[in-house]
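Biologist: Please take a close look at the pockets in this model. What lines them, and which parts of the chain supply the lining?

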Amino acid sequence: MDQLADTAISAQDLAKHFRTQAGTLDLFKGINLEIRRGESVAIIGPSGTGKSTLLSLLAGLDQPSSGRILLNNTDLTELNDQQRAAFRNRHISFVFQAFHLLPDLTALQNVMLPLQIRNHKQAESEARGWLEKIGLGDRLQHKPAELSGGEQQRVAIARSFATEPSLLFADEPTGNLDEQTGEQIIRQLFGLNQEQGTTLILITHDPSLAKRCQRSLRLHNGVLTEIEL
């Protein structure tokens, strides 16, 4: 497979700045990044360095101030808002620190929702299968308030993988969980990543979690560098 076809994410001379009363704040600039298909990559760094902003740019949720971002060889910076949303719907899923489950829907309905948006004909059976795969087959009809934090995050992971995304962005996915529950969530996240061949981008401040990824990058003082953990 040639290098271009093997590249899931390519960021070229990426910059993001904000205008403040004191002037222009450069969060980062000149960032270059290549991530291969199926690779797991951690982005670490202190709070406030722009890790989540970088994730938002790479995932097409926000636009860079300058530079290019190619996902699956599609240049996001050439797409309008509607086109970027359609691209995300086809290729990308997210797991956040906050679970972002709809409170009035059951676990099954929450996992079904992105499948129904795609007009998936077997949305219910597909969602049921994913919840069973992550050990929640007996919690299908429970609403988020009736689930523990770990169970809610597992529902969020099932929802993310149900659409078979080629790219999965996880932002502090264990930040709201105790250590034991967080370990279970991470095992499932990486297990599904390897099983599905999904490219995983993980934002974390935890070096032990980052060490589980194939590569680790550190964002500090606006500079992204590859590090050994």
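Modeller: The model is a predicted one. The largest pocket holds about 520 Å³ of space. It is lined by 22 residues, and those closest to its centre are I92, S93, F94, P114 and R159. The largest share comes from β6, which provides five residues. By type, the lining of the largest pocket splits into 13 nonpolar, six polar and three charged residues.

The second largest pocket has a volume of about 270 Å³. Here 15 residues form the lining, with T174, G182, D206, S208 and L209 closest to the centre. At least two lining residues come from each of α6 (179–196) and α7 (207–210). The largest share, four residues, belongs to α6. The lining of the second largest pocket consists of three nonpolar, six polar and six charged residues.

Now the loop residue. S166 sits in the loop that runs between α5 (149–162) and β7 (167–171). Leaving out residues up to four places away in sequence, S166 touches N72, H91, T198 and T199. From S166 to F96 the C-alpha distance is 17 Å, and 70 residues separate them in sequence.

Definitions and conventions
Residues numbered from 1 in each chain as written. Predicted model: local features only at pLDDT ≥ 70, side-chain atom pairs only at ≥ 80, totals over all residues. Heavy atoms only, no water. Contact = heavy atoms within 4.5 Å. 1 Å grid on protein atoms, 1.4 Å probe; cavity = no way out; pocket = protein on both sides within 12 Å on 5 of 7 lines; lining within 4 Å. Points joined across faces, edges and corners; volume = space filled by probe spheres on them. Nonpolar A, V, L, I, M, F, W, Y, C, P; charged D, E, K, R; others polar.
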